[in-house]
Amino acid sequence: MEGLGEPSYRARQVFDGLYRQRWSGWERFTTLPLGLRRRLGELGFGIGLPQVEKKFVSGDGTVRYLLAYADGESVETVWMPEGDGGEAGDGSPSGDEELADKKGWHRATICISSQVGCAVDCAFCMTALLGLRRNLTAGEIVGQVLAVLGDQQADAERDRLNLVFMGQGEPFLNYDNFMQAARLLVEGVGIPESRMTVSTSGIVPRIADFGAEAIRPKLAVSLNAPNEELRTRIMPITKKWTIEKLMAALRDFPLRNRERLTFEYVLLGGVNDELKHAREVVDLMRGLRAKVNLIALNPGPEIPFAMPLDERVLAFQSVLTRAGIPAFVRRPRGRDIYAACGQLKHTTELVQFNS
Ligand code: SAH
Ligand code: SF4
């Protein structure tokens, strides 16, 4: 604004119009003088959200959006409503029954993408099959949230929303744009940082950077295997950043009051789901304030692994809980529409799973 010869408070008005009011064209910015509105348009400053290209609705209420950007690239963003308040967050009752009656949900989580595709190449993940197509800008990341809120007629400040950076891409390999998006979501859209979680496959140098941020989401780490040999096999990135380096960085990570680290562990039938693996996980967790989310493999074409047996999942969980490590088995969301963890690969042909 100063560059345009305008007073700097105009920047605050633009910010407010974009993120709080969510005005979609300069003509709606009635807080700005008419001449400035025209000039902003003439100078080519565009306002635009990604377009909903496709929308798949699961039997469990989950919605997978295929959102397209101006250059034709698209990503997936997932809307996960909670009817009973029982799963997504901390388990505390919300007491928002009236809202639930009206909308059929009173708490929802949006899972957003940070890149188009992903370069990390985990063997169990469908996004890996896309490769990395490009980074998303901060605006494109925030745009996913605004597009979904608009489509669901939800309101970031009134409704109980959680955000997870767990869609396509490795957020810590698009670090600056991801962080800028997180700040915009906090300061512009009004979603508290305590309701956001970012998941990384373990980009070690960025973990320390992230710990030093003034505003930051909570941290989750995709562990997925308890020793170097096995993890290297299913997550080749382990060759670059070993479990040892990863755990050292996490031990140094400055947790806030009452904050815990989250570890994700995808259970692959017969590969990493044995009791001895659970015991190795217990050893790794020593000295960390952490919880573990166990995710049974979500299957997909070209994924060369099997789902774990239910009893293996429960046995794995009980090894952790008996050792005093809170461990939760995540309910798959939207598997039938390829919306669950690791299934985001622009799939438009849907098949029926028997799970
Ligand atoms: N790239 C980041 C953010 C994506 S989070 C990361 O990997 O952490 C996606 C989560 O889904 C990760 O914890 C990953 O381990 C998990 N995941 C990937 N493929 C999966 C699959 N086929 N079934 C279940 N979970 C999977
Ligand atoms: Fe990338 Fe995460 Fe999938 Fe690994 S699990 S390929 S890091 S999106």
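## Two domains

In this predicted model, the centres of domain 1 and domain 2 lie 35 Å apart, taken over C-alpha atoms. Domain 1 runs over residues 2–42. Domain 2 covers residues 51–337. The two parts touch: 4 residues from domain 1 and 10 residues from domain 2 make the contact.

## The interface between them

How much area is buried between domain 1 and domain 2? The value is about 680 Å². Carbon and sulfur atoms give 54% of this area.

On the side of domain 1, three residues lose the most area to domain 2: Tyr19, Arg20 and Arg22. Together they account for 82% of what that side buries. The side of domain 1 that touches domain 2 has 2 nonpolar residues, 2 charged residues and no polar ones. Polar contacts do occur. The count between the two domains is 2 residue pairs, both partners at pLDDT 80 or more.

## Around ligand 1

Ligand 1 has 19 residues around it. Which of them come nearest? They are Phe124, Gly169, Ser199, Ser222 and Asn298.

In Phe124, a backbone N or O atom lies 2.8 Å from a nitrogen atom of ligand 1. Ser199 uses its side chain: an N or O atom there is 2.6 Å from an oxygen atom of the ligand. For Glu264, a side-chain N or O atom is 3.2 Å from an oxygen atom of ligand 1. Taken alone, ligand 1 exposes 530 Å². The protein buries 95% of that area.

## Around ligand 2

Ligand 2 has its own shell of residues. Cys118, Val120, Asp121, Cys122 and Cys125 belong to it, along with Ala128, Gly169 and Ser201. By type, the shell divides into 5 nonpolar, 2 polar and 1 charged.

Note on methods
Residues are numbered from 1 along each chain as its sequence is written. Chains are lettered from A and ligands numbered from 1 in the order in which they are written. This is a predicted model: local features need pLDDT of at least 70, side-chain atom pairs count only at pLDDT 80 or more; totals for chains, interfaces and linings use all residues. Side-chain values use heavy atoms; hydrogens and water are left out. A residue is near a molecule or strand if one of its heavy atoms lies within 4 Å of it. Ala, Val, Leu, Ile, Met, Phe, Trp, Tyr, Cys and Pro count as nonpolar, Asp, Glu, Lys and Arg as charged, and the others, Gly among them, as polar. Domain bounds come from an automatic or database domain assignment. Contact means heavy atoms within 4.5 Å. Buried area is the accessible area (1.4 Å probe) that two parts lose on being put together, summed over both. A polar contact is a pair of N or O atoms within 3.5 Å; within protein, one must be able to donate a hydrogen and the other to accept it, and residues adjacent in sequence count only if both atoms are side-chain atoms. Accessible areas come from the Shrake-Rupley method with a 1.4 Å probe; for residues, only the protein chains shown count as cover.
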